[in-house]
Amino acid sequence: MPEFWAIARADGRPTLARGVKRVLPMLATAHAGCLIGIDAHPVQVEVQVGTGLPGFDIVGLPERGVRESRVRVKSALQAFGFKLPPRQLVLNLAPGDLRKTGAGYDLAIAVAVQAACETVDSSALVGTLLLGELSLSGALRPVRGVLSQLRGARERGMWRAVVPVANAAEASLATGIEVYVAECLSEVVRFLNGVDGLPRAMARTAVEGSPSTTDMSDVRGQAGARRALEIAAAGAHNLLLLGPPGGGKTMLARRLVTLLPEPTPEEAMEIATVASAAGIYAGATRAAVRRPFRAPHHTASAAALIGGGDPIQPGEVTLAHGGVLFLDELPEFRRDVVETLRTTMESGEVSIARARCRVSMPADPLVVAAMNPCPCGFAGDTERICACTPEQVARYRARVSGPLLDRFDMHVEVPRVRAKDLREAQIGEGSAAIRARVIEARRHVLPRQVDLPTLHRVTDASSLQLLDRAVEKLGLSARGYVKALRVAHTIARLEGLDVVGTAHVAEAVQYRRLDRRESA
């Protein structure tokens, strides 16, 4: 009895032809990827046409969203005019020990099925990455982490990729691989069969965001805090702002990112990759990528701050990589949550271990935290009376542990600004002028991981003696000693000096004055 088989016409669309029974290819393979954290892992989509009862089975540790892809794929294929053969289809997602999540495998599955049924040229799938979710009508929907997937495919030696047109902007940032965009499944099939071409991934400038309007010239008064922000930006020093409510701590923190230099091409690519993995638009070109500013709410969980979940996704500390992470009302964060930052503030990366995998993600933002001096916020204020008891103040400050406090390079008091100063204070320097000094200083500032002997060599003897006395008086830890030296070196570089003097050490020590108070 003759059978019906789907074959490709000249225009690339499938059709049904009656004829004698012939043997279909037993196996076809397409290439996709699995995103874990911000890293892309290769996934081979293997489809075998068997001789058993008609069915469509998916194996290879798929989670529910992946198992449901067969429903979307069947509907998309029918909308395209392709009829599945009355055979058993077995789909394997290799490697089998890697859990597959998300809907980004739909396009690769649909194309592999057609390749197994000879309506797509199997040789066209070699070295081609296929990413995209399918709608029931066959349209391609965007997926998360396209830039990570493209970078991973390039490293594995793949030479081209097809992604949804909605992912064109971030896909255009990828280098070393040809990236094409499509709107529907039929366009991809015709492209793979050599019938029609596909457009290359191009940036859509219409979706570019407006430039930031925040500027340091908006800050009135607060000369000491402005100086501290410049030092922090020049040396990448973590900063703790302490002061009453309404003093401008949040305003200062939001303007710190405007003092940082523009990211290098490598940094821009890393920032864009992290944003892509989180489903955030970073910019249409590497030049358009800006340093991020993240300000999580104090009710955030440890997984939201550090990263986690199932599948593992980047947290706020990774999303702020290369920019500023602002923790407003630091004592209001759950202690077990904020303590997770202690490791990342030193190492610059976060490692998350699970039963099946271990994920490392970059996490090197400039951490800025703000807190009040007491629960009411007016302890030490010269014009407002504090209503808190000493015990309440002690309990409030004890919410921030000594080890976490010690990891902030600079502790800066932000006093309340009088209304008269808000009206009459002169407009200060804008961000552009300060950023120019920061960029010049960063060319000569020693890296964060510099060893102690190197710091000693660029510090004169009298300055070291002054620092020794400050350590004894303030009870600085070894970490505090090194951080004070680093801050002093940054101050010297802002003045264009190669050697750290006593004035630089004295100013740096002033930014450690809270150590003794907090440890008391």
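Student: Hi! How many helices and strands are in the protein chain?
Tutor: Hi! This is a predicted model, and its protein chain has 22 helices and 20 strands.

Student: What size of box do the C-alpha atoms fill?
Tutor: Taken along the principal axes, that box is roughly 95 × 50 × 45 Å.

Student: And what share of the residues count as buried?
Tutor: The chain has 520 residues, and 51% of them count as buried.

Student: OK, let's talk sheets. What is the strand order in the open sheet of 5 strands?
Tutor: Going across, you meet β13, β16, β19, β12 and β20, and the pairing is parallel. The edge strands are β13, at residues 293-294, and β20, at residues 410-413, and each of those pairs on one side only.

Student: How many bridges join β12 to β19?
Tutor: There are 4 bridges between β12 (residues 239-242) and β19 (residues 366-371), and these two strands run parallel. To find one in the viewer, look for Leu240, whose bridge partner in β19 is Ala369.

Student: Which strands does helix α7 lie across?
Tutor: Helix α7, residues 223-235, lies across β12, β19 and β20. Its angle to β20 is about 160°.

Student: Now a single residue. Where is Gly176 found?
Tutor: Gly176 sits in the loop between α5 (168-171) and β11 (178-182).

Student: Why does Gly176 count as exposed?
Tutor: Because its relative accessibility is 65%, and exposed means over 50%.

Student: How far apart are Gly176 and Gly157?
Tutor: In sequence they are 19 residues apart, and in space their C-alpha atoms are 9.6 Å apart.

Student: Last topic, charges! How many positive and negative side chains does the chain have?
Tutor: The protein chain has 64 positive and 55 negative side chains. The centres of the two sets lie 3 Å apart.

Student: And what about the accessible surface of the chain, how much of it belongs to carbon and sulfur atoms?
Tutor: The total is about 23,100 Å², and 52% of that belongs to carbon and sulfur atoms.

Conventions: Residues are numbered from 1 along each chain as its sequence is written. This is a predicted model: local features need pLDDT of at least 70, side-chain atom pairs count only at pLDDT 80 or more; totals for chains, interfaces and linings use all residues. Side-chain values use heavy atoms; hydrogens and water are left out. Two strands pair if DSSP finds at least two bridges between them. Contact means heavy atoms within 4.5 Å. Axes are lines fitted to C-alpha atoms, for helices over the stretch in contact, and angles run from 0 to 180 degrees between N-to-C directions. Buried means under 20% relative accessible area, exposed over 50%, partly exposed in between (1.4 Å probe, protein chains only). Accessible areas come from the Shrake-Rupley method with a 1.4 Å probe; for residues, only the protein chains shown count as cover. Lys and Arg count as positive and Asp and Glu as negative; His and the chain ends are not counted. The place of a charge is taken as NZ of Lys, CZ of Arg, CG of Asp or CD of Glu.
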